[in-house]
Amino acid sequence: MISFYISLVLLVVGYFTYGKFVEKVFGASAGRKTPAIEHPDGVDYIAMPGWKIFMIQFLNIAGLGPIFGAIMGAKFGPASFLWIVFGCIFAGAMHDYLSGMLSLRNNGESLPSTIGRYLGGKAQTATRIFTVLLLILVGVVFVSGPAELLAYLTPEYLDGTFWLYVILAYYLVATLFPIDKIIGKIYPIFGFALLFMAAGILVMLIVHNPDIPEITDGLKNTYPDPENNPIFPMMFVSIACGAISGFHATQSPLMARCMSNEMQGRRIFYGAMITEGVVALIWAAAASYFFSPGGQAFFDVTDPGINGDASVIVNKISYGWLGVAGGFLAILGVIAAPITTGDTAFRSARLIIADFLKMPQKDIKKRLVITIPMFAVSIPILLYSINDKNGFEIIWRYFAWSNQVLAVITLWALTMFLGRKKGYYWLMTLIPAVFMTFIVLLFILYSEIGAGMPYDWAAVTSAVLSLLAGGYAIKRFNKTDGRIPA
């Protein structure tokens with residue numbers, strides 16, 4: 001447990017140190033007016049208290065990612081701890097803060113507009129299409145998981161398909177209503193359930209002090225099939241939301257339109273990501289024991305067919321450690337998190353499409369014009385994810401891959417932004433951009449849903465292309481004396 005405790009401390013210290021540095025580099029100012037103050041519209045531009053915005057942002061970005069992703073990532077061994085900690089501090093939280101603050105500075109613009117501002121019009125168009133498709137996938141992923149968990153808790157006739165439609169109906173309402181009417185009122189309640197779940201599992205980890213693998217034991221890949229699932233890139237794609245996630249940058253504009261002061265940014269954007277990293281770390285530690293010898297007996301798992309299913313593992317761990325009442329609340333937390341991510345995913349997609357069509361969203365009829373077709377497209381994918389045996393896993397892989405692709409695009413846009421500043425602040429984003437470019441390219445070239453190249457060839461090709469991209473960026477900055485044209 002020593003590695004776990006050190007990792008927790010590092011995440012907290014990272015918020016107060018590196019988070020402060022990132023805030024200083026950006027140049028947040030309490031004197032600037034925010035979009036919510038300058039032109040509130042009563043639907044999306046509504047000033048709300050900072051604590052409530054933090055809670056909404058945290059629930060927006062959390063979802064199943066830091067829970068299911070951490071559980072699947074824990075199969076790779078203690079290397080997952082390192083990725084969660086350093087990925088979160090130096091990549092994910094920085095990515096979330098800068099993308100959120102750039103949206104705030106530019107009238108709460110959606111991510112594709114930010115991409116276009118720094119990478120050009122073609123990148124903006126491609127990102128717009130890619131992002132809307134990703135958000136629909138997010139909605140699908142974050143319906144399937146809670147639907148299955150609710151099916152575990154209810155009578156057999158209330159199956160996953162039933163709960164799918166119930167959640168989808170809620171999504172429709174939350175997407176259409178003003179952000180303070182539904183999301184702003186129920187998120188604090190959902191937040192309590194999620195925080196109780198995380199705190200409860202943390203307490204039980206401390207009380208039971210289970211014997212989990214330590215970083216000092218080595219970073220050997222402990223995945224059941226390590227040859228076909230190498231740590232690079234599989235672990236880095238599996239643990240996305242707990243370390244760095246492009247999806248987060250699509251959610252930040254929602255909160256940028258509700259902030260009343262730029263100095264709220266570090267707590268809302270950087271802080272929410274650090275909090276998500278803590279949740280991911282807790283579940284990675286719990287799952288690490290589950291996957292270790294004797295772990296199943298500890299959690300009283302009698303079903304030999306559990307086969308690493310993340311939703312079943314969440315169920316067993318929560319009830320095994322927290323009892324019936326505590327386990328029920330913990331499971332509600334795991335259900336609430338994805339639901340509160342799925343609804344805002346569809347809401348973000350609506351706003352991106354509205355921005356592209358230049359269609360104001362104050363009139364509910366205009367919101368319906370965008371929302372109804374979007375939901376119609378998602379239903380067949382949702383049914384596939386529930387009814388096909390491997391549907392959820394397949395959709396999750398595509399979501400995880402596309403999620404990290406978007407993170408790479410965002411990191412390069414942020415690098416262009418920091419390239420305008422004096423000094424070498426752009427290195428703050430360039431190193432994560434090159435690294436994540438390598439991970440995404442390696443996944444695309446090596447994985448079975450990609451090109452399927454031999455691993456060595458895929459790794460060398462990805463490394464060369466990533467370094468070339470980094471070299472091009474450095475050359476461009478040098479030509480402009482550390483800055484790029486405005």
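Q: Hi! Is tyrosine 223 buried, exposed or partly exposed?
A: In this predicted model, tyrosine 223 counts as partly exposed, because its relative accessibility is 21% and the buried class stops under 20%.

Q: Where does tyrosine 223 sit in the chain?
A: Tyrosine 223 is in the loop between helix H10 (183-208) and helix H11 (231-238).

Q: How many aromatic pairs does the structure hold?
A: There are 25 aromatic pairs in the structure. One of them brings together phenylalanine 76 and tyrosine 223: the ring centres are 4.7 Å apart and the planes meet at 35°, so this pair is tilted.

Q: Which parts of the chain does that pair link?
A: Distant ones: phenylalanine 76 belongs to the loop between helix H5 (65-74) and helix H6 (79-105), and 147 residues separate it from tyrosine 223.

Q: And phenylalanine 76, buried or exposed?
A: Phenylalanine 76 is buried, because its relative accessible area is 1%.

Q: What about the rings of phenylalanine 162 and tryptophan 163?
A: Their centres are 5.1 Å apart with the planes at 80°, so they form an edge-to-face pair. Phenylalanine 162 is partly exposed at 36% relative accessible area, whereas tryptophan 163 counts as buried at 16%.

Q: Which residues do ring pairs link into a cluster?
A: Tyr18, Phe21, Phe86, Phe90 and Tyr425 are joined that way.

Q: What sits over the ring of tyrosine 15?
A: The charged end of arginine 266 does, 4.8 Å from the ring centre.

Q: Switching to cavities: how many of 30 Å³ or more are there?
A: The count is 1 cavity of 30 Å³ or more. The largest cavity has a volume of about 30 Å³.

Q: Which residues line the largest cavity?
A: The lining is made up of Ser110, Thr250, Pro253, Leu254, Ser348, Leu351 and Ile352.

Q: Which helices each supply at least two of the lining residues?
A: Helix H12 (246-256) and helix H15 (310-357) each do.

Q: How far is alanine 349 from isoleucine 370?
A: Their C-alpha atoms are 9.1 Å apart, and the two residues are 21 residues apart along the chain.

Q: Next one, isoleucine 244: where is its place?
A: Isoleucine 244 is in the loop between H11 and H12. This residue counts as buried, because it has 0% relative accessibility.

Q: What is isoleucine 244 in contact with?
A: Leaving out neighbours within four places in sequence, isoleucine 244 is in contact with Trp83, Ala91, Gly92, His95, Gln404, Ala407, Leu411 and Met436.

Q: On to the backbone. Which residues does a cis peptide bond join?
A: Phenylalanine 232 and proline 233 are joined by a cis peptide bond, with omega at about 10°. Proline 233 lies in helix H11.

Q: Why point that out?
A: Because most peptide bonds are trans, and most residues other than glycine have a negative phi.

Q: What is phi for asparagine 107 and for asparagine 209?
A: Phi of asparagine 107 is near 65°, a positive value in a residue other than glycine. For asparagine 209, phi is near 45°, also positive.

Q: Where are those two?
A: Asparagine 107 is in the loop between H6 and helix H7 (111-119). Asparagine 209 has its place in the loop between H10 and H11.

Q: Why do they count as partly exposed?
A: Because the relative accessible area is 39% for asparagine 107 and the relative accessibility is 45% for asparagine 209.

Conventions:
Residues are numbered from 1 along each chain as its sequence is written. This is a predicted model: local features need pLDDT of at least 70, side-chain atom pairs count only at pLDDT 80 or more; totals for chains, interfaces and linings use all residues. Side-chain values use heavy atoms; hydrogens and water are left out. On a 1 Å grid over the protein atoms alone, a cavity is a set of points where a 1.4 Å probe fits but cannot get out, and a pocket is an open set with protein on both sides within 12 Å along at least five of seven lines; lining residues have an atom within 4 Å of a point. Grid points are joined across faces, edges and corners, and a volume is the space filled by probe spheres set on the points. Helices (H or I, at least four residues) and strands (E, at least two) are DSSP runs, numbered from the N terminus. Rings of Phe, Tyr and Trp (its six-membered ring) pair if their centres lie within 6.5 Å; planes under 30 degrees apart count as stacked, over 60 as edge-to-face and the rest as tilted. Buried means under 20% relative accessible area, exposed over 50%, partly exposed in between (1.4 Å probe, protein chains only). A charge sits over a ring if NZ of Lys or CZ of Arg is within 6 Å of the ring centre and within 35 degrees of the ring normal. Contact means heavy atoms within 4.5 Å.
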